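Here are some exercises to work through with the model open beside you. Try each task before reading its solution.

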Amino acid sequence: METGFRISPSFLEEQNKRFESEANREYDALGEALETRGISIELLVRRAGAFEVALPSWAVGTGGTRFARFPAGGEPRTVGEKLVDCATVHQLMRITPRVSPHIPWDKPAEPQALKAFAESLGLGFDAINSNTFQDQPGQNLSYKFGSLTHTDKAVRRQAIEHNLECIEIGKKLGSKALTVWIGDGSNLPGQISFRQSLDRYLESLRVIVNHLPNDWRLFLEYKPYEPALYATVLNDWGTAYYCATDLGSKVFCLVDLGHHLPNTNIEMVVSRLLQFGKLGGFHFNDSKYGDDDLDAGSIKPFQLFLVFHELVSAGEERRGNQNLSYMIDQSHNVTDPLESLMLSAEEIQRAYVQALLVDQKALAAAQEENDAIMALRILKEAFRTDVTPILRRARQNAGGALDPILTYRASGYRAHKAKERPARSGTSAGIV
Ligand code: PSV
Ligand code: MN
């Protein structure tokens, strides 16, 4: 597999020189300010550097809505090209070393060769995603009325087989988890039996779980609506928690931030799942109205911070299952997808580092004393701290870019790819 144009290490170094003196000045100033708060900036740089979030293979191409898609030049046309784009994000960011593949969109002709190619780019694979929410060309039976929960056993069997195939591909790629999101549900009241469809869901999942290797986990991704517009089978975290508990110790819930009705207290959902030992991971993104798949931290950065505060504070208390998979799941309709991914990864890392700044002891004391104002003030003090110098230093230490977006733009990466990857003809709706 060919990589085509790559940003050279010498170009990256040259670009970093442009930003170095300002970055150093700001780092020193923040270091001093944090010292007066009794916080070591070096420790935060180390923890920021150890942070990782996986890239969604499906988000390096331009996304779309059900109305249209407006692709820019240089879109990846193959799974190999998607990996090259992910490698570029990782080269600049240094915190995105894994890619979450989606089958059959990324179905490799030779999984071992794809794994080797990914490794040659410094990448590995995160959770593998199955797809029974679309019919594929040549598929025997349709998922129009459901997949794992379909009334027809033969359709359920086909959907189960697809998931088993995903596990087999994932084993060859080095994945350690399967994410199952289904579009099953109903558009009209009375269309499905809520009880029976959930029973069928569990029955199908049980077969899949039985085929899961011992060191694998299975993530149940819930969503309240879309494509089913009246009711979905796995609609919320409570149902996901019930199913994950029923299905045993390998099964966990996946929180896609966009999969909640407006104003849901997502940080509390996260806290509950963590406390119950059933939080498996995240699909990070942001939303204004529904499952908008907007860039992480673009709409509600305080919410993202509060999610990480729950994770960090539970970690401090040594509670919950902390083996979490952090993944991005976004649709980039009007931006260069690589720029969106870089910015999003940085926003997620930023929320994590800000959460590390929370004075946990002072917060616990404020809670004991029922001092609501002081408790909020403690959280806000952490949230207001501009940790950019820490993120920059962590990237620099790992050989990444001080300013990933400007470096990417200066490299002409997109223009190079536009030449190397002539656009496909025709229009199609994007992933929603
Ligand atoms: C569904 O909305 C979802 O969040 C699932 O994670 C899918 O795998 C992904 O988006 C792409 O369609
Ligand atoms: Mn998702």
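**Exercise 1.** Find the angle at which helix α2 and helix α13 pack in this predicted model, and the handedness of their crossing.

*Solution.* Start with the two segments: α2 covers residues 41-50 and α13 covers residues 388-397. Next, pick out the residues that make the contact. From α2 these are Ile-41, Leu-44, Val-45, Ala-48 and Gly-49, and from α13 they are Ile-390, Leu-391, Arg-393, Ala-394 and Asn-397.

**Exercise 2.** Compare the span of helix α9 with the one expected at 1.5 Å a residue, then list its buried residues and what covers them.

*Solution.* Helix α9 runs over residues 301-316, which makes 16 residues. From first C-alpha to last it reaches 22 Å, close to the expected 22 Å. Now turn to burial, where the cut-off is 20 or more other C-beta atoms within 10 Å. In α9 the buried residues are Leu-304, Phe-305, Leu-306, Val-307, Phe-308, His-309, Glu-310, Leu-311 and Val-312. Their cover includes α8 (266-275), α10 (337-356) and α12 (372-384).

**Exercise 3.** Work out which residues of α12 are buried, and where they sit around the helix axis.

*Solution.* Check the span of the helix to begin with. The 13 residues of α12 should span 18 Å at 1.5 Å a residue, and this agrees with the 18 Å between its end C-alpha atoms. The buried residues of α12 are Ile-378, Leu-379 and Ala-382. Because they cover an arc of only 90° around the axis, they lie on the same side of α12. A general rule is handy here: an α-helix has 3.6 residues a turn, so residues three or four places apart point the same way. Now look at the face turned away from the buried side of α12, which carries the exposed residues Ala-372, Ile-373, Lys-380 and Arg-384. Finally, what covers the buried residues of α12 includes α9, α10 and α11 (360-368).

**Exercise 4.** Give the strand order of the three-strand sheet and explain why β1 and β3 have one side left without a neighbour.

*Solution.* The three strands form an open sheet in the order β1-β2-β3, with parallel pairing. β1 (55-56) and β3 (124-125) stand at the edges with a single partner strand each, so one side of each has no neighbour in the sheet. Strand β2 (residues 98-100) is joined to β3 by two bridges, and Arg-98 stands opposite Gly-124 in β3.

Methods. Residues are numbered from 1 along each chain as its sequence is written. Chains are lettered from A and ligands numbered from 1 in the order in which they are written. This is a predicted model: local features need pLDDT of at least 70, side-chain atom pairs count only at pLDDT 80 or more; totals for chains, interfaces and linings use all residues. Helices (H or I, at least four residues) and strands (E, at least two) are DSSP runs, numbered from the N terminus. The expected span of a helix is 1.5 Å times one less than its number of residues. A residue is buried if 20 or more other C-beta atoms lie within 10 Å of its own, exposed if 12 or fewer, and partly exposed in between; C-beta atoms are placed from the backbone. Two residues are in contact if their C-beta atoms, placed from the backbone, lie within 7 Å. The arc is that of the directions from the helix axis to the C-beta atoms. Two strands pair if DSSP finds at least two bridges between them. Axes are lines fitted to C-alpha atoms, for helices over the stretch in contact, and angles run from 0 to 180 degrees between N-to-C directions. A crossing is left-handed if the near helix is turned anticlockwise from the far one by less than a right angle, and right-handed if clockwise.
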